Amino acid sequence: MKISDNAISALRQSALFKQLPKEVLQTIAAKTKLRQFFPDETIVWQGDPSDSLYVITNGIVAVQRMGANHQTQTLAYLMPGNTFGEVGILENQPRSATVKAITDVDVRVIRREHFMEVLHRHPVVAIELAKMLGRYLVDANRRMARSAKARMVLILNVFEGQGATSIGVMLANCLAEKTSARTVYTEYPVPQKLIADLGIEKRTKLYKSKHGSDFLISLDDPALPDVVKTTFMLDNIITEYENVVITLNESLDEDADGNLDQDIVMLLDYVKQIILLTPPDKVKDAQLVNVQQMLRKHIRRDEVQIFTLVNSTSEELQHYPADAGTDFYIPFIPDFPSLKVGEHEKLPVPTVLQNIFEMLIDRLERSNNIGIFIPTTIDVDKAIDAKPYVERTLNFLAERFGGATSKQAEGVWNSEQAGLVGETVYVVYTYVTHNDMNRHLDEVIEYVKSLKKELRQEAMAMEINKKLTLI
């Protein structure tokens, strides 16, 4: 049956059920019910009995909690593939939060007794649930442990000789100047290059700067395991500094189970921004792609931004065109500043780098992103001038979030009328703070709905934190 196939496909989207064979999914799917909700409709109420597990198959929901002062706080936004209700089922406690539909929402509902039966019969689901609950706990502990004011930037030299130390020091100095906040720069696991470039005594643990950022020179006893050194370092700097810039001087490698070293994972728990340095001829290199994929597996995408910074370190490399997939581009600078003894506090910053740093600093608090896809056809195959709609969308997002950018892309979508359709689209995107996301997301969705009607589209696409959804 078609409904059964849809139910199986919906369950397979979820991490809880994706490893089950099709015949088991068919059995579970037969016990689910499809429920649909309109925007602003409440799916479950805080305090209700936890009698069901919900698997989101379409749309966006908001998880909200009523505080002691009767103010509603949005804890998270969930999208297709996400589930909710599992914790209440296990604890047999009332629901700890209200879940409301932000868009049109479809969910598959599994009653508590059926879900408990699945757990008993299929250990793989219980294991995935344990992993999920573990991630919830880690995320909660991390947010509690992380200083509310600490902002950490991690710089990775994906390929040798990309000037990570100079770029890191210049960025740290700009952070100190722009934010008027205490800032520290160091390198991990051993700041050997920093020590050599600055001519600072190795016995010095912390070099205090008079003008720019401070420099953490010693990461405690080198005989200690890396994870212990990382703990000491974070304990020392997270509570003392508001801005932290770290250059990572070791390659990222996963073990056979796909895990990074514990010390690197601990660093990633605190990072808000990651900058990958690469030459222009390596933008599509497998090594860079692999690093990007590894990082995305070990960070929270709604909290951490990853940027690719292309640096043309030689005159020959400047002839490579800037790739559309990169975020920032540094053309060849013949007199690119390098660290020299006694000059690090006033290291000159080229104009192009100054502009890049200002954008990076502005985005440090804008760890969420929204993208709206503007089509270039109506009624499936009639071309239109999309520029007025792009301009309107840029202005709409800029008024609410302080800025927006657009880029051209190629999109493919499945039309109910014409089948598979390919067309040029424009993506208008913006980076936003968590508070602004909570304040304005409803408006954004209503705006996309109005565009859908005006442009006579079967559906409009938008991204929230790199996850695509259809309106």
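Me: Before anything else, what counts as a helix or a strand here?
Reply: Helices are DSSP runs (H or I) of at least four residues, strands are DSSP runs (E) of at least two, and both are numbered from the N terminus. Please keep in mind that this is a predicted model.

Me: Thanks. In which helix is Arg296?
Reply: Arg296 belongs to helix α10, which covers residues 286–297.

Me: Is Arg296 buried, exposed or partly exposed?
Reply: Arg296 has a relative accessible area of 35%, so it is classed as partly exposed, given that this class lies between 20% and 50%.

Me: Which residues form the positive surface patch?
Reply: The patch consists of Arg296, Arg301, Lys407 and Lys466.

Me: New topic: Asp214. Where is it, and is it buried or exposed?
Reply: Asp214 is in strand β12, residues 214–216. Its relative accessible area is 7%, and therefore Asp214 counts as buried, the limit being under 20%.

Me: What does the side chain of Asp214 make a polar contact with?
Reply: The side chain of Asp214 is joined to that of Tyr241 by a polar contact of 2.8 Å.

Me: Which residues have a positive phi without being glycine?
Reply: Ser180 has a positive phi of about 50°, and Arg456 has one of about 55°.

Me: Where are Ser180 and Arg456?
Reply: Ser180 is in the loop between α6 (164–179) and β10. Arg456 is in the loop between α13 (434–454) and β22 (461–464).

Me: How accessible are Ser180 and Arg456?
Reply: Ser180 has a relative accessibility of 68% and is therefore exposed, as the class begins over 50%. Arg456, with a relative accessible area of 48%, is partly exposed.

Me: Last one: Lys178. Which helix is it in, and how accessible is it?
Reply: Lys178 is part of helix α6. With a relative accessible area of 44%, Lys178 is partly exposed.

Me: How far apart are Lys178 and Glu358 in sequence and in space?
Reply: Lys178 and Glu358 are separated by 180 residues in sequence, while their C-alpha atoms are 8.3 Å apart in space.

Key. Residues are numbered from 1 along each chain as its sequence is written. This is a predicted model: local features need pLDDT of at least 70, side-chain atom pairs count only at pLDDT 80 or more; totals for chains, interfaces and linings use all residues. Side-chain values use heavy atoms; hydrogens and water are left out. Patches are made of residues with over 30% relative accessible area and no salt bridge: like charges are joined within 9 Å, nonpolar side chains (Val, Leu, Ile, Met, Phe, Trp, Tyr) within 5 Å. Accessible areas come from the Shrake-Rupley method with a 1.4 Å probe; for residues, only the protein chains shown count as cover. A salt bridge is a side-chain nitrogen of Lys or Arg within 4 Å of a carboxyl oxygen of Asp or Glu. Lys and Arg count as positive and Asp and Glu as negative; His and the chain ends are not counted. The place of a charge is taken as NZ of Lys, CZ of Arg, CG of Asp or CD of Glu. Buried means under 20% relative accessible area, exposed over 50%, partly exposed in between (1.4 Å probe, protein chains only). A polar contact is a pair of N or O atoms within 3.5 Å; within protein, one must be able to donate a hydrogen and the other to accept it, and residues adjacent in sequence count only if both atoms are side-chain atoms.
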